[in-house]
Amino acid sequence: MHPMDIGLVVGVLSSTLALWIGGGRYRRVTIATLVVATATVTAHILTAEIRWQVVSMHLAGAIVAVAAVADLARETPRRRSLVSLLALVATIAGAAAVWSLPVTQISAPHGAYSVGRQAFTVVDDAREERWGPAPGGPRRIAVTVWYPAHAGYVGTPSPWIGDADDVIGAVAERLRLPEFTLGHLRTVTTAAADDAPVSADAPFPMVIFSHGWSGATFLHTDQLVELASHGYVVVGIDHTYAALASVLDDHVAVLDVTSLPADPDDDEFVAAGALISTFSADVERVFSAVTGQLAISDIIDPTRIALTGHSTGGGAAIMTCSRVRWCDAVVGADPWVEPLPDDLVGDGLDVPLLSIRSEEWTDTDNDARLRRLHAASRGSEGRISIAGSQHQDFTLVPAVVRAGEVLGMHGPNADDTHVLAVDWTRRFLDHHLRGIGTDPLDAPTADARVTVSRTPPDAP
């Protein structure tokens, strides 16, 4: 909760209780009640963003202030039980709304570099769009690049969500919430600055990220900005019509739920395989565009490239790395490998592979298939699991909907889980792409929630 919101809750609640206990009977208490209620609401209006979650608390403060003025004008003491009760209910309702749907805070990165950002659309003339309201025409892919900028550079913070009106509508629909409940996300910014000057230390290793089905790159912004601040060019792909929303040059493409069956059976897993294949083809096309056709290619070291992803995006990262020569490492958060071809799973990978698993996704059919993939891989490999975690803990969904734990949307320690996943990803890539530090799979586990599993050297 934002400090100003906390101050509003405390100020209005205390003045409400003071009105209930002493209003009308003790002049000094009534004066203090008026001052606190008025000052608290006024300060919040002048210094904080006005949004629907706080309106009921502003109203409660106004009710208390008006009641206090009325009491000061009366000679006969009068209890304010009903007025106080109304103000108390309004305050509690507002506090609950502020807590459950807070203004999301995108954590500042910890690396030595400032971070720049660019966003653009990549067109794939070789593939026809298969999804959306009007299939056909070349497939277009929304791309966001974060990169190391001059240390200490301070520019205008980039928005967390581009074309926020359309994107927030799609997010609200997916979360089954009224659109107005997420309107406050329009003003959230990140630590990156659009078109910031590139650091003179270029070239840098590159990381390409793919989100999960019905996810979005912005739900992983903190991790991607963190990597950029540590010296990576980070390319985030929004997979058109399989993302919550993709901000293209001329419109926002929202999720097409037919891109993945709700309950895949044997036949529908063909469609699931096609989904991951589409993600993988997007990765290859974006790699080609970023390294060969765009100005950003000048700051990329093409000999140090990693693929990362969450869920479907993790499966796509593994698929892509199995069939291209330029992939040097893979990190997947709950990578979905069930639809991957049997020969790919049986052959494994030749490059370092880290799978970060939630407890929700361990001991499943997907997990068994993932273990088989790791057992066949020949590079440095390992799986970690995080106790008490859920699939969405690897995203920023818990930061958007704090009540998600009650609704079963994320785990009880989602913030810690998210930080652990970001830290393991960075340290693994630092070691294998930049030669910095030890492989975290070889180091003692610092957190009791993390369990490391590796394939014995003599395993078949």
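Q: Which residues in α3 meet α4 in this structure?

A: The model is predicted: local features need pLDDT of at least 70 and side-chain atom pairs count only at pLDDT 80 or more, whereas totals for chains, interfaces and linings use all residues. Residues are numbered from 1 along each chain as its sequence is written, and side-chain values use heavy atoms, leaving out hydrogens and water. W52, Q53, V54, S56, M57, A60, I63, V64 and A67 in α3 meet V83, A87, A90, T91, A93, G94, A95, A97 and V98 in α4. Contact means heavy atoms within 4.5 Å; helices (H or I, at least four residues) and strands (E, at least two) are DSSP runs numbered from the N terminus. By class, this contact has 14 nonpolar, four polar and no charged residues (nonpolar: Ala, Val, Leu, Ile, Met, Phe, Trp, Tyr, Cys and Pro; charged: Asp, Glu, Lys and Arg; polar: the others, Gly among them).

Q: At what angle do the axes of α3 and α4 cross?

A: Two packed helices are described by the angle and the distance between their axes. The axes of α3 (residues 52-73) and α4 come within 7 Å and cross at roughly 160 degrees; the axes are lines fitted to C-alpha atoms over the stretch in contact, with angles from 0 to 180 degrees between N-to-C directions. The pair is therefore roughly antiparallel (over 145 degrees; under 35 is roughly parallel). The crossing of α3 and α4 is left-handed, the near helix being turned anticlockwise from the far one by less than a right angle, whereas clockwise is right-handed.

Q: How are α6 and α12 arranged, parallel or antiparallel?

A: Their axes come within 10 Å and cross at roughly 30 degrees, so α6 and α12 are roughly parallel. D222, Q223, E226 and L227 of α6 contact H418, V422, T425, R426 and L429 of α12. That contact has three nonpolar, three polar and three charged residues. The crossing is right-handed.

Q: Which helix supplies the largest share of the lining of the second largest pocket?

A: α12 supplies seven residues, the largest share. Of the lining by class, 14 residues are nonpolar, nine polar and six charged. α4 (81-100), α6 (221-229), α11 (397-400) and α12 (414-434) each give at least two residues.

Methods. Parallel < 35°, antiparallel > 145°, perpendicular 65-115°, else oblique.
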